[in-house]
Amino acid sequence: MLMKSSNQFTAIYSLLVVLNCLTAVFAEDLVIADFESGTYDGWTVTGEAFGAAPAAGDLPGQMEVSGYRGAHLVNTFFNGDATIGNATSREFRIERSHIAFLIGGGPHKDSVGMELLIDGNRVRAKTGPESESLESANWDVREFAGKTATLRIFDKATGGWGHILIDQIVQTNEPPERFDLTGQLADYRKSADYLNEALRPQAHFTPEINWMNDPNGLVFHNGEYHLFYQCNPAGNSWGHMSWGHAVSRDLAHWKHLPLALPEEDGVMAFSGCCVVDHNNTSGFGSTTRPPMVAVYTGHGHGKQVQNLAYSNDDGRTWTKHANNPVLDLNNPDFRDPKVFWHAPTKRWIMVVSLAVEKVLVFYASVDLKRWIELSRFGPAGAKTKPNWECPDLFELPVENEAGRKLWVLEADMGSGSVAGGSGGEYFVGEFDGTTFTTLQDAQWVDYGRDFYAPVSWSDIPESDGRRIWLGWFNNWETCLVPTSPWRSCLSVPRTLTLRKVPAADGTRTQRYVMMQRPVTELSKLTTSTIPLDTTQATWPPAAITNPGDMTDMNFALSATLQPGTARSCGFRIRTGDDEFTEVGYDSDPGVVYVDRKKSGNVNFHKAFAGRHEAPTRLIDGAASVHVIVDRSSIEVFINDGEAVISDRIFPSSQTPTIEVFGDRTARVTNTTLQQRKSIWHR
Ligand code: FRU
């Protein structure tokens with residue numbers, strides 16, 4: 001009897017404990033503030049930075065703000081970074097285990113952030129993640145249970161990133177994860193539009209979801225072309241920079257893989273490269289199973305340093321080197337290392353940028369860990385506001401000088417490039433293992449607005465011998481392109497060689513130009529090749545009869561443009577009554593151009609609409625163009641790759657009509673249309 005009642009007592013007691021725990025876990029969240037009333041009711045606000053009321057997203061002059069809940073948030077970018085102020089909550093009692101909130105904005109500890117005050121003393125504080133996409137953060141406040149507290153959001157910073165973003169402050173027993181990439185990906189993979197939204201390129205690499213910028217760590221290893229890229233696991237605008245990852249066996253089809261290098265401990269994984277360490281000089285693997293080594297910039301705590309990470313399983317998992325950084329100049333703008341094995345001197349060479357000085361530094365190492373400075377190059381090239389990043393250095397054959405090889409040094413400027421905004425320039429010269437010497441002036445890498453930070457693949461087998469690169473198909477100035485749930489794509493992979501050619505300006509000067517051609521592997525995407533009769537090029541432009549069944553903006557168009565005495569001739573890719581993208585040759589001043597002024601959605605940024613021109617020489621009175629159109633992109637390869645124009649476009653329709661134009665003396669010939677299939681939907 002006694003036994004029974006004691007058993008009953010234990011059972012009831014256990015049940016109560018469980019119930020108690022359950023109510024504790026399932027107790028509803030208590031909202032401290034969600035700012036959805038659109039007012040600062042309940043808060044005492046001082047200073048100017050908070051504006052008169054919570055913001056409805058980004059403020060004038062600010063990058064896109066994302067990741068907040070509902071329609072309003074606290075955004076202290078009011079009148080820019082220079083404004084300061086405080087917002088203090090009314091008192092509340094601590095009744096849950098955690099205080100969770102969404103936070104974005106500047107990373108300046110103690111000068112922007114939010115703090116928890118008990119009896120007037122700071123007991124917790126959190127600063128921003130250097131991102132305009134808000135992420136979840138929380139404080140464990142169990143030790144303060146039952147106490148009275150206040151929150152203070154503070155902005156004392158006046159310089160760059162001198163603002164804070166706060167939203168959705170709750171008391172909770174179940175604080176959310178910082179961000180939930182896995183969950184979002186799982187949802188997206190079920191979506192009917194998976195990798196097939198109207199503006200999603202079908203023959204170019206795109207991430208499944210979220211923001212991306214530069215290609216990183218391109219390396220060929222064990223039959224796979226690896227592609228890493230700058231991505232934001234937390235949102236669709238820049239922030240939390242980490243390395244995304246994909247692989248391909250043919251440079252056309254890509255397989256998405258999990259994040260390779262995440263941001264960690266306030267250090268973002270900025271751009272860099274990968275090499276296969278065949279002799280295991282680093283000791284990270286073995287000679288029988290050489291490691292892949294990533295050399296990348298760590299960005300955080302006020303400086304940029306060069307770090308290593310390695311993989312011994314074909315890039316599927318990565319370990320960050322225990323003794324990072326391997327290069328630290330205590331400099332906030334020291335980034336984007338590109339490393340290669342220099343066989344003649346049997347050592348690794350790194351080229352890396354001192355960005356604001358517009359100087360590239362060359363280093364050497366025998367083990368990828370200890371680096372010695374060899375030389376510097378720059379400032380040089382375009383006379384723009386100094387800024388170089390994402391350099392590359394490689395040797396190329398000169399096609400029309402048998403046996404000759406020269407070196408190309410490429411670097412990118414964040415603004416002031418040929419078509420406006422960001423772009424790249426290159427030098428052709430000699431590299432003796434220590435110093436790069438240029439033989440001629442800098443030339444533009446691409447004459448469009450949307451080709452940035454290209455890098456070339458490492459470790460392409462000698463039996464193949466190609467130098468292949470691709471670039472970020474975007475421009476920093478207009479990077480917030482109107483696509484979702486992903487942003488940006490990469491260009492098609494392009495093979496590189498040099499050719500000595502007469503200058504496009506009609507003078508007799510000869511110079512070496514870098515020829516860029518789409519890799520031949522892309523031809524496997526062709527589903528039909530249709531010759532088009534375009535000899536009757538007239539004005540106004542006329543639709544080409546029987547251009548096949550154009551059901552998708554995923555095609556390539558090749559032609560010879562012979563202007564005769566016409567001012568211009570070429571094509572219009574029409575996607576609406578008053579909507580088209582024009583590609584043509586203009587005799588005055590002798591350029592091939594892409595005009596995207598009426599290409600569709602051009603109003604998302606004031607610098608987007610425009611016409612971009614590449615100086616073009618006529619060969620026997622004609623210029624050739626190979627135009628790759630892929631839903632929201634256009635790449636025009638001129639005269640077999642002597643110049644390229646890469647532009648994004650955002651047309652309203654994906655079923656185009658192709659028109660040709662010229663006059664009685666102009667001839668558009670050798671026109672073929674290749675329709676292509678998607679790399680995603682087989
Ligand atoms: C170039 C760049 C790099 C940097 C990366 C950060 O686009 O600014 O210099 O490493 O992007 O995402």
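How many bridges join strand β22 to strand β23, and do these strands run parallel or antiparallel?

## A pair of strands

In this predicted model, strand β22, which covers residues 347-354, is joined to strand β23, covering residues 359-365, by seven bridges, and the two strands run antiparallel. Within this part of the structure, Ser353 stands opposite Leu360, a residue of β23.

## The sheet around the pair

Strands β22 and β23 belong to an open sheet of four strands, whose order is β21-β22-β23-β24 and whose pairing is antiparallel. The edges are taken by β21 (334-342) and β24 (372-377), each of which has a single partner strand, so that one side of each remains without a neighbour in the sheet. When direction is ignored, neighbouring strands of this sheet are turned against each other by 25° on average.

## The protein as a whole

The secondary structure of the protein amounts to 46 strands and two helices. Among contacts between residues at least 6 apart in sequence, 65% join residues that are at least 24 apart.

The radius of gyration is 28 Å, which agrees with the value near 26 Å that a compact globule of 682 residues would have, while the C-alpha trace spans about 105 × 60 × 60 Å along its principal axes.

## Burial and surface

Of the 682 residues, 58% count as buried, where buried means under 20% relative accessible area. The accessible surface of the protein comes to about 27600 Å², and carbon and sulfur atoms account for 51% of this surface.

Definitions and conventions:
Residues are numbered from 1 along each chain as its sequence is written. This is a predicted model: local features need pLDDT of at least 70, side-chain atom pairs count only at pLDDT 80 or more; totals for chains, interfaces and linings use all residues. Side-chain values use heavy atoms; hydrogens and water are left out. Two strands pair if DSSP finds at least two bridges between them. Axes are lines fitted to C-alpha atoms, for helices over the stretch in contact, and angles run from 0 to 180 degrees between N-to-C directions. The radius of gyration is taken over C-alpha atoms; the globule rule is 2.2 Å times the number of residues to the power 0.38. Buried means under 20% relative accessible area, exposed over 50%, partly exposed in between (1.4 Å probe, protein chains only). Contact means heavy atoms within 4.5 Å. Accessible areas come from the Shrake-Rupley method with a 1.4 Å probe; for residues, only the protein chains shown count as cover.
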